[in-house]
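Look over the sequence and the fold before you read on. Then use this report as a guide to a few places in the chain.

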Amino acid sequence: MKIYTDKNFKGNRLWLLLPLILLTTMLFAACSTDDAPGTASETEAEASLPVSVLEPVQRDLAEIKRNGVLRMITYYSSNTYFLNQGIEVGFEYEMVKEFARENDLALEVVIVGADENPFDLLNSGQGDLIAANYTITPERRQIVNFTRPYNLVDQLLVFSAEAPAQPQTLEELSETDIAVSVRRNSSYYARLQDLIEDGYNINIDIIPDAIDTEAALMQVAEGELMATVADDNMFDAANRYMDGLFPGPTIAEKDTIAWAIRENAPDLESAMNRFLYKHFRFTEDRERPRRSTFLNVLRQRYFEESRQIAEFYNPEWQYQTIGIISPYDDIVKSVADSLELDWLMLTAMIAQESSFNPNSKSWAGAVGLMQVIPRFVETEYEQLYDPVTNIKEGARIIKEHLHHYSYMDSTNQWQMALATYNVGLGHMADARRLVIDQNRNPNEWENVSNALLMLMQRRYHQHARYGFARGIEPVQYVKEIMNRYRTYEAIIALAENQRQGSISNAMIGRSLSN
C-alpha cells in the first residue's frame with residue numbers, strides 16, 4: 001500500500017471525506033436564516049449555548065461501574081475517533097480507553113449525530129463524558145463541568161487558497177468581507193465574539209454542529225468555505241495532507257483542553273482528574289507542561305506523521321470510503337445474507353475475536369478472523385485461516401446458537417448466543433440452572449450474566465455440572481460486542497445521511513444548470 005506522508009494529494013478531494021463528515025448542502029439549509037453570514041449581533045453574543053437538557057441525570061462513577069460501561073461522546077475524526085481497517089483508533093479514544101481499562105470498564109463510543117447536541121447527550125445520560133478536543137470556556141462551564149486539562153493549544157485563523165485574500169493580522173481581516181465559518185457551540189465562536197467586542201469587524205458564518213473542526217478544514221481546503229478557526233495541533237496535522245490551507249493570525253494562546261462531564265458527577269470527575277494528573281501536569285514554567293510517555297506517544301501518533309493518519313487522509317485508500325467498516329465487509333455481508341444474519345453484528349464479533357487479523361491464533365487453539373476452534377468443525381485446519389472459510393464457519397456456529405435461543409426476544413437471543421459462542425453451551429446451561437434456583441427468569445441475559453459471574457466462586461461452581469467458569473470473560477465479551485455494534489450502527493446511519501446529502505446536492509446542481 002502506498003502511504004502518503006506529505007501534501008501531495010491531487011485530484012478529487014471529495015474522497016478525502018470520511019463516512020461521518022456530513023458536508024452537505026442539506027445541513028446548511030437546516031440552519032435558520034438568522035445564522036446567515038454576517039457580523040454577530042449583541043443578542044447572539046449574550047446568548048448561552050443552545051441546549052435543551054438543563055437538568056443532568058443522576059449517574060456518577062458508582063452507577064457507571066455497576067453498569068460496567070463508560071460511554072464516550074465524540075465526533076468521527078482523525079484526532080478523536082475513527083476506524084482504521086476496522087480497528088477503533090483516535091487520540092481521544094485511546095486516552096479514554098486507558099482510563100476505562102484502569103477502572104475495569106468497557107468503553108462505548110457515542111458518535112454525535114447530524115441533529116444532536118453533545119451537551120444534551122451528556123446531560124440526558126446517553127453518554128458519560130465528552131472527549132472531543134474541547135476547550136474550557138466560561139460559556140460551557142455554565143452547563144457542564146470539566147476535568148483538569150490534558151493539553152494546551154493556540155487558536156488560529158485558517159484561510160482557503162480560494163479566498164480573495166489571506167490576512168495575516170486581525171486588522172487586515174477587518175478590512176475584508178471574508179466570512180469565518182465556525183460552529184455555534186465551539187470555543188472558536190466565543191473567541192470571535194470577544195474580538196468583535198474588542199472592535200474588530202469579523203463576519204461570522206454559523207455552520208452545523210455536525211461539521212467539526214476537521215470537516216471545516218476540509219471544506220476550506222476545497223474552497224467551499226473561505227475561512228475557519230482551528231487549534232494549532234489540528235491544523236498542523238491536517239496541513240500535512242491537505243493543499244489549499246493558509247494559516248492566519250493566532251487569536252488565542254494556551255487554551256486548556258479537557259473532558260466535559262456532568263455537574264453532578266464528582267466521583268467520576270475525581271477519578272478522571274487522578275488519571276489525567278499522571279499524564280499531564282503544569283510545572284513552574286506553565287509554558288512547558290510535563291507529559292507522560294503514554295501521552296507523548298499518542299501526540300506523536302495522531303498529531304504528527306503516522307501510518308494511521310496518512311491512511312485517514314489518503315484518497316486512494318480503498319477502506320476509507322462511504323459506509324466501510326472493515327476490509328472484510330463484502331465477505332461478511334455475503335455470508336450474513338446467506339444465513340439471514342446481521343452483518344454488523346458479525347463484524348463486531350470479528351473485531352472482538354481477532355481485531356480483523358486472519359492469521360490470529362489464541363492460546364486455546366482458536367484460529368482466524370472468528371477464532372474458530374478446529375475440533376468443532378469439519379474444515380481442514382489450514383483452510384480456517386482463509387477469511388471466507390473462517391467467516392462462514394463462525395457465522396454457521398453463531399446461527400446455531402441463535403436457533404437454540406430462538407424463543408427469546410432478539411436482544412436476549414443475541415446476547416445469549418454471543419455468550420455461548422464465547423463460553424460454550426455447558427457453562428451457559430449451568431448459569432441458567434443457577435438462575436432458576438434463585439427463582440429468576442433464565443431467559444433474561446441480565447440474570448444469566450450475574451450467574452456466570454457467580455460460577456467463578458467455589459461455593460457455586462462446585463455444584464455445577466461443568467464446574468468452574470471464568471464468567472467475567474463472556475460477560476465482557478457480550479458487553480463489548482453490543483457496544484461496538486451500536487457504534488457501527490451510528491457510523492452506517494451517518495454514512496447514509498452523507499449519501500442522501502450527496503444525492504440532494506446532485507439534484508440541486510442539475511436544477512441550477514437547467
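## The model and the chain

This is a predicted model, in which local features need pLDDT of at least 70, side-chain atom pairs count only at pLDDT 80 or more, and totals for chains, interfaces and linings use all residues. Residues are numbered from 1 along each chain as its sequence is written, and side-chain values use heavy atoms, with hydrogens and water left out.

The protein chain has 21 helices and 13 strands. Helices (H or I, at least four residues) and strands (E, at least two) are DSSP runs, numbered from the N terminus. Buried residues make up 57% of the 514 residues in the chain. Buried means under 20% relative accessible area, exposed means over 50%, and partly exposed is in between (1.4 Å probe, protein chains only).

Contact means heavy atoms within 4.5 Å. Take the contacts in the chain with a separation of 6 or more: residues 24 or more positions apart account for 71% of them.

## The largest pocket

Two kinds of space are searched for on a 1 Å grid over the protein atoms alone. A cavity is a set of points where a 1.4 Å probe fits but cannot get out. A pocket is an open set with protein on both sides within 12 Å along at least five of seven lines. Lining residues have an atom within 4 Å of a point. Grid points are joined across faces, edges and corners, and a volume is the space filled by probe spheres set on the points.

The largest pocket holds about 1,100 Å³ of space. It is lined by 29 residues, and Ala-366, Ile-373, Tyr-421, Asn-422 and Val-423 are the closest to its centre. Which helix gives the most to this lining? It is H21, with five residues. At least two lining residues come from each of H15 (343–354), H16 (387–404), H17 (410–423), H18 (425–437) and H21 (472–513). By class, the lining has 13 nonpolar, nine polar and seven charged residues. Here Ala, Val, Leu, Ile, Met, Phe, Trp, Tyr, Cys and Pro count as nonpolar, Asp, Glu, Lys and Arg as charged, and the others, Gly among them, as polar.

## The cavities

Five cavities of 30 Å³ or more are found in the whole structure. The largest cavity has a volume of about 150 Å³. Its lining has 17 residues, with Ala-132, Asn-133, Tyr-134, Arg-183 and Thr-213 nearest its centre. Strand S5 (129–135) supplies the largest share, four residues. The lining divides into five nonpolar, eight polar and four charged residues.

The axes of H17 and H18 come within 7 Å and cross at roughly 125°. That makes H17 oblique to H18. Axes are lines fitted to C-alpha atoms, for helices over the stretch in contact, and angles run from 0 to 180 degrees between N-to-C directions. Angles under 35 degrees count as roughly parallel, over 145 as roughly antiparallel, 65 to 115 as roughly perpendicular and the rest as oblique. Met-416, Ala-419, Thr-420 and Val-423 in H17 meet Leu-425, His-427 and Met-428 in H18. This contact has five nonpolar, two polar and no charged residues.

Helix H9 (residues 213–222) is largely enclosed by the rest of the structure, because nine of its 10 residues are buried. Among them are Thr-213, Glu-214 and Leu-217. Gly-223 follows H9 and has a positive phi, near 85°.

Most residues other than glycine have a negative phi. Glu-340, in the loop between H14 (329–339) and H15, has a positive phi near 55°. Gln-371, in the loop between H15 and H16, has a positive phi of about 50°. Are these residues buried or exposed? Glu-340 is exposed, with a relative accessible area of 71%. Gln-371 is buried, at 9%.

## Residues brought together

Val-377 also lies in the loop between H15 and H16. It is buried, with a relative accessible area of 11%. Ile-397 is 20 residues away in sequence and 9.2 Å away in space, C-alpha to C-alpha.

Asn-123 is in helix H5 (residues 118–123) and is buried, at 2% relative accessible area. Beyond its neighbours within four places in sequence, Asn-123 has contacts that include Val-53, Ile-143 and Arg-262.
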